[in-house]
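Here is a short report on one structure. It covers a strand pair, a helix contact and the surroundings of a ligand.

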Amino acid sequence: MTDRIDKIPNGQRYIVLWDKIVYDGWEVAVSYENLELYLTKWFSYENLELYLTKWFSYENLEEDYPLKYNVVNRGDEISIQLMHTFHSLIQRFGLTQDEENPDIVLSIGGDGTLLHAFHRYKEQLDHIAFVGIHTGRLGFFADWKPDEVELLAQLMGESAQQDDLRVVKYPLVEIQITTQNGIETELALNEFTLKGVDATLVAELHINDELLETFRGDGICISTPSGSTAYNKSLGGAIVHPSLDAIQIAEIASINNRVYRTLGSPILLPKHHHCDIYPRASQNIILSLDHVYMQRNDVLSIRSMVAAGKKVKFARFRPFPFWSRVREAFIGYDML
Ligand code: NAD
C-alpha cells in the first residue's frame, strides 16, 4: 500500500501498518516490525528524520492495531469454562488469539499456572505482558477473581484500542549452570533452588568470586523479589519489593554446630553482583526453577545473578500495589 504523507489526515492517532510510503516523489519502504527504514531512492537522512517525526506524531486511528493474546489455563473445568467466556468477551474489542506470538498472556488457574505460562513464553519476555485470574484462592500473580472476567476483558480491550497497555516490570533471577559440556543459561520468576538428593548438600558458596562459606544442609534458595513471597518466605527470607533489582539467598535447613558454620541469615545481592555455588564433586543434586525440577550429577558450578536486561511484565488494568497484594495474600483482608 502506498500513500503520500500530505494525504494523511491530521489530528488523529496514526498506527504504522504500511510497508511503503511515497513522500514528495520519493519512495520509502518501512518495516513496521522493527521500525527499520530502507530507502528505495535517495533521501537525505535529515529529511528522513523530520519525516519520521511528523509521521509518528500523527494521531490517526485508521486501522486498529490488532493486539494478540493467548490464554493458558490450569486444565480444570472452571478454568476452561472461564477461558471460553473470555474468548467470546474479548472478540468484541478486536483482539485476536495467537498462541505463538501473543502480546498479552492471560493465565487462568493459580500462581502455578502463571509460572507455567512464564516458562512457556520466557523467550519472548520483551513483548509479552502477563495477567492472571485465580480460580482457587487468591494468588499472588493471579490476582483477578473469576467473577471479574468481564471487567478484565473490557479493560484489556479498551486499553488495546487506546494503545495504552500499562505494565509493571519485575526482575528475574538468571542462573548459569557450568558442566564439562559448557554453560546452560536459565531464568526463574520465583526462585532457583539447589538440594541434595540422597545426602546432605555440601557446597561452597562464593560471592563476587570470593568464598563466603561452605554450606552443609538441605539446600539453598535464590529468589527474585516477586518470588520472595513464595518459597523464600517459608524459609524466613525477607519480602522484597520488586522495584529493587536484587536477588535473595536463603538457606534451607543448614547444619550449624561447632564443626560446620554458615552465615545463617538470608542475604540480598544487588544487580551486578553474583553468587557461585560449587557443589561437592559428583554429588546427586536437584535443581529447581520455579515448578520445574531436574536431577543432575554433572554440575560443576552454578552462577546466580539478577537477569541483565530481562524482566517479566505484568499488565495492570487497575492499580494493585505490591504491598496490598502482600496484605491480601497473607494477612487476609480481601478488598477486591
Ligand atoms: P504448589 O502447588 O506447591 O503451590 C505453592 C504455593 O505457592 C501456592 O499456594 C502458590 O499460590 C504459592 N505461590 C507461588 N508463587 C508465589 C509467589 N510469587 N508469591 C506468593 N505465593 C506464591 O506449587 P506451584 O503452584 O507449582 O508453585 C511452585 C512454587 O511453589 C515454587 O516456585 C515455590 O516458590 C513454591 N514452593 C514453596 C514451598 C514452601 O513454601 N515450602 C516449597 C516448594 C515450592
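## Strand hairpin

Two strands pair if DSSP finds at least two bridges between them. Helices (H or I, at least four residues) and strands (E, at least two) are DSSP runs, numbered from the N terminus. The model is predicted: local features need pLDDT of at least 70, side-chain atom pairs count only at pLDDT 80 or more, and totals for chains, interfaces and linings use all residues. Residues are numbered from 1 along each chain as its sequence is written.

Strands E9 (residues 167-179) and E10 (residues 182-188) run antiparallel, joined by 7 bridges. They form a hairpin with 2 residues between them. Val173 has Ala188 in E10 as its bridge partner.

## Helix contact

Helix H2 (residues 77-91) and helix H4 (residues 149-161) have axes that come within 9 Å and cross at roughly 35°. Axes are lines fitted to C-alpha atoms, for helices over the stretch in contact, and angles run from 0 to 180 degrees between N-to-C directions.

On the H2 side, the contact uses Leu82, Thr85, Phe86, Leu89 and Ile90; H4 brings Val149, Glu150, Ala153, Met156 and Gly157. Contact here means C-beta atoms, placed from the backbone, within 7 Å.

## Ligand shell

The ligand has 17 residues around it, and Gly112, Phe140, Ala230, Ser234 and His291 come nearest. A residue counts as near if its C-beta atom, placed from the backbone, lies within 6 Å. Helices H3 (111-120) and H5 (231-234) each give two or more residues to this shell. H3 gives the most, with 3 residues.

Domain 2 (68-166 + 316-331) and domain 3 (172-309) both give residues to the shell, so the ligand lies between them. The domain bounds come from an automatic or database domain assignment.

Methods: Contact = placed C-beta atoms within 7 Å.
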